Every structure is written in C-alpha cells, then in structure tokens.
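Here's a quick tour of who sits beside whom in this protein.

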Amino acid sequence: MEFFGFLVLCLCYMLVFIRVEVAALRNHAALSEVSQPYRTAFHFQPSKNWMNDPNGPMYYKGVYHIFYQYNPYGALWGNISWGHAISYDLINWVNLDIALIPNEPYDINGCFSGSATIFPNGEPAILYTGADTNKHQVQNLAFPKNVSDPLLTEWVKSSLNPILSPPEGIDAMSYRDPSTAWMGQDGQWRVVIGSELDHHGLAILYKSKDFRHWIRTSSPLHSSNKTIMWECPDFYPVSTNGKNGLDTSAIQKNIKHVLKVSFKTHDYYILGKYDPKSDKYDVDIDFMDSRGSLQYDYGRFYASKSFYDGHKKRRVLWSWINEGDSESDDNKKGWSGLQSIPRSIWLSENGDQLVQWPVKELKKLRKRKVHYKNKELKGGSLFQISGITASQADVEITFSLSNLNEAEVLTSDVIDPQILCTQKNASVSGSQGPFGLLVLASKDLTEHTAVFFRVFRSANSFRVLMCSDQKRSSLRQEVNKTIYGAFLVLDPRHEKISLRTLIDHSIVESFGGDGLACITARVYPKLAIEEQAQLYVFNNGSQSLIISSLSAWSMKKAQIVSIGKRRKHIK
Ligand code: DQQ
C-alpha cells in the first residue's frame, strides 16, 4: 500500500514537472522580448506583477510552501490575493494557482497578510486578514481542501468567517496580520494581531479552545508608546543553547521569546521571557530603547515572517524586499518586489541578539569558484576578483586587522550607525577602513555599490561599523540610493571581521560578522549589468590589512517556474 501511494505521488510529480517545463519555455520566450536587467536569478519572484509580504510559510508532508501578497492584474499594489509557491529545497520553486482570492464580503477588498499554524495532528490552517465591503479589517480562517495533497493546491474559507472583527476602541483600519498561533500550558491556542491604540503599536492577544472561536485577553501581549501601528507581528521561541529552531508552541527550559513587529519600513524585534501560564512577556530591552534598537536587517527588509522547519530543526525567516525605483519603472518592468533569500535564524551565544544566515541549500547553486588566502591589501588599494559572474554571485571574505590603535576615535557612544555611514561613506578615507567589497561595479567604477566596514576606537573598546553605500550604485538619478548602516557587536582585537554578500542583479544582500548584522539593498545600475558588472575588494583606509580568506562563486539560476491557470477563479 505504501509503495502504491509513493508511485501515485511520483506520477503526480512527473505530470507537474512536464507542465513546469512547458510553462518555463513560455515564460522564457515572453521575458526575453523585454530587456530585464533587474530581474533576479536566485531570489524568489513570480514571473510578473506585484508581490509584497511573505505569508504563511510552512513545511508540510515533505514540501515547503510560501504564500505571498500578490496582485494578479498588475505591477502595483492592488487586488490583493495570496500567491502560492512550493519547493523541495527552499531555493527552486514551482508557482501554483493563487490560494486565496478576494471574493467574499469579508475579504472583497483584499486578502491581506496572515500566517499558517500546524495543528498537533499535522494538519495546517491559515489565519488571514480580510478587508471587507467597508474596507474594515477582519480576521478569517481557511483550511486545505485536501489534507492528503502535499501541494495543498486548494484552500477553503471557513463558513464562520469573519471569525474576528475589530474590538471596541480599535480602529477598523488598524487591525491586521494574525501571527502563527501557539499553544499555552492550558492547551488553548493564542494568536496576536497587529494594531494600534492612541497611535501606539500594540499586539492584541486572543485565546481559543477550538481555533474558531477566539476571546480577547484582558491585556495585550505587548505594546509600546515609542512606536506607531504594528504590522505583521511574529512571536516565537529561540533556544538559549544552540542554533536549533523550536516549534512555535515549544514550552521548555532554556528558551527566550522573540517579538518582531514591522513599522516605519523596518522589522524591529525584542527578546524576553514569556510565561505560557499567565501570558506575561517580560522584555530584556524594549523597542526604541536609547541603547539602540534591534532590527533583522538594517536595509530594505519588511513584513517578514518566520516558520519552524521541523524537517531540518531550524527556524527560517522570509521577508519582502521592495523596490527603490518608481511606479512607472515597475509598470515598465511588469513586476515589483522580491523575497529575501530564506535565512536560518537563532539566538547569539551571548543571548543579546539574533543571528541570521542564508539557508544552507543555497550552496547548491554555487558553481565556478575563485579562492584566495592571506593576501595583503595595502591602504588606498583595490583588487579585482575576476573569473566569476559578478552580477550573479555569492562572496565570502574575512579580514584580519593589525595596528588597531590607529583606528579613528568615536567620541559618542550613542550614535546612529546609518548617519555615521552616510557621513563617512565609502569615498571618505579613514584609518582602519573603509574596507570591503565593491559590487555591481562598472569598468570605469562610475557605478558601484560599496559594502564595507570601518573600525573606531571608543574609550577602552572598539566599535565595528558595517555600511551598504548605494550612493554611486547607478547613473540613474531617480532611483533610491539611501545609505544603510549597523554596528557589529564583535571585538576586532580577538575576532576577524567577515562579510558574505549575495549579489543578484538588482539586490545586494549582505551578512556581516557571520550574520550578526544584515543589510539588504536594491540597486539599478545602468552600466554594471550582466557581463559588464565587475567585483572588487577595496581598502580606502590608510592602514594595510590582510584578506585572510576570500571565496567567490558564480551562482546558477534557480528554477522558478509557474504552473496553473492563475486567473481561473478570479471574478
Ligand atoms: N501588507 C499587507 C498588510 C500588512 C502590510 C497588505 C505590510 O496586511 O500590514 O498587503 O506590508
């Protein structure tokens, strides 16, 4: 019987992949008619149209699922539906039919963001926000039509919808994005919904015995008068010893809980102790603390969502990376929005912050490699990395510094790293830095994006600044060129400074200090495209340094194909 089941599954997959090949050929033909220098090769994006937040990621019966906010009719936000794609490795994707379309009174103005929860019997459910006939935000429930289908191609909205409407005192336009639910010690489900009260961010907490009927608790899970409306809250445990991820409902010793919320174009998080009996959440350092705010990524990275991958025992994080060009550019391109490379996420050894790293499956796409060891890079010099595709690459580099006492002095402890990176951009020479990578550079260097470090002395310690400088990323005046920055919490006296950068045509996703700080940028070069793009290591400081190790790989294109008649259910 088991063998028979396996045979049927194999036949289904064969059918799917024959259709995939045909669809891929068609897509290829359509795209090659337009020049698309900014389409990516290994980041997830649908073949056309608008995409924003990742929704309901999960692992189900051997298959990874990602849903996403999608406009089936155009390259700008609107007609918001849930696109749906599946994968066996988080890197190569098959885009299926749309999973949820706005066609009921309780979601007619949009199927907004939401999350998946896996029940103890292994079956999934989706909670999502609907914008109803009055554009009021309500919460809805959907289940798979056929739980034995690992592809979960069809979803059925609950007849009980809407299962939650804005409570008294809460603005009906500020009540959205249910999190993945978790189970407390009493066996009841909990979920948080993003909201605001008196213009301050709030995670409204609900409890339920059956996942269908929910009661609001007397206090929110958390709120903050230093923030505005919270979108896309995510609440989950992380282990205090080791990198393994935990199920969202895990109750055990040696854990901390992360609360992530999205506001003002960034994803901020806090860490704390959650009591699954009283639902009290005692935070270590709150949002917008004077000592600094923790962000998943200090560049473009918004409305993220994580899930527990029980198969590989890790927590995986996804995020929407929006565009930095104009709406008319997006209409011309016919698409807008990318998903980040899925990242493994865990608590740092000191327990003060999270660490992120691209999922290890990404290495499957690495092909041609160049490698250098112990190479000196004198102050004011540049070194070209040739032999790989510089517009589609994965680069890992480690720097080792000496003469740290020569580092520039930082007088204030409380300084915004983004402002510091903007004042001291890549062209401002210093002592210990700026040093790092020049990516997507044109041959004459008029275009380049600089991802770099600068080390400062401050009292008796050192501070390592990481920047992504887009100032010269494009000759096009009109595109966004904001410079981003973050501090890396490491001691350069005892630790080397490392950088991994994923370069994918119009996205530069960087991980500093082995994932202690991440910065993602979107860039739109005019000259540095395809084979014209160059890659360099640079040192614009006065002090020499050693490149302890440098590996760079050309990246293969991921298989991202579409099947299904995406408009078939749309009225
Ligand atoms: N995007 C969704 C909302 C969410 C926002 C609408 C965040 O549910 O609050 O597309 O980007």
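Let's start with Gln-432, which touches Leu-401, Ser-402, Asn-403, Leu-404, Ala-407, Phe-453, Arg-454, Val-455 and Gln-543, leaving out residues up to four places away in sequence (contact means heavy atoms within 4.5 Å). Bear in mind that this is a predicted model: local features need pLDDT of at least 70, side-chain atom pairs count only at pLDDT 80 or more, and totals for chains, interfaces and linings use all residues. Residues are numbered from 1 along each chain as its sequence is written, and side-chain values use heavy atoms, with hydrogens and water left out.

**More on Gln-432**
- You'll find Gln-432 in the loop between α3 (417-423) and β30 (435-441); helices (H or I, at least four residues) and strands (E, at least two) are DSSP runs, numbered from the N terminus.
- Gln-432 counts as buried, at 1% relative accessibility (buried is under 20% relative accessible area, exposed over 50%, partly exposed in between, with a 1.4 Å probe and protein chains only).
- The Gln-432 side chain reaches the backbone oxygen of Ser-402 at 2.6 Å.

**Nonpolar cores**
- The largest nonpolar core has 44 residues, and Phe-453, Val-455, Ile-497, Val-537 and Ile-547 touch the most other members (such a core is a set of buried Ala, Val, Leu, Ile, Met, Phe, Trp, Tyr and Cys residues joined through side-chain atoms within 4.5 Å).
- There's also a second, separate core of 26 residues, which includes Met-51, Phe-307, Leu-502 and Phe-511.

**Aromatic pairs**
- The count comes to 32 aromatic pairs: rings of Phe, Tyr and Trp (its six-membered ring) pair if their centres lie within 6.5 Å, with planes under 30 degrees apart stacked, over 60 edge-to-face and the rest tilted.
- One of them is Trp-189 with Phe-211, edge-to-face at 5.4 Å centre to centre and 90° between the planes.
- That pair links distant parts of the chain, with Trp-189 in strand β11 (residues 189-197) and Phe-211 in the loop between β12 (200-208) and β13 (214-216), 22 residues apart.
- Both Trp-189 and Phe-211 are buried.
- Ring pairs also join Phe-44, Tyr-68, Tyr-70, Trp-93 and Trp-318 into a cluster.

**Charges over rings**
- Lys-333 has its charged end over the ring of Trp-335, 4.4 Å from the centre (the rule: NZ of Lys or CZ of Arg within 6 Å of the ring centre and within 35 degrees of the ring normal).
- Arg-366 lies over the face of Trp-553, 3.6 Å from the ring centre.

How values were computed: A polar contact is a pair of N or O atoms within 3.5 Å; within protein, one must be able to donate a hydrogen and the other to accept it, and residues adjacent in sequence count only if both atoms are side-chain atoms.
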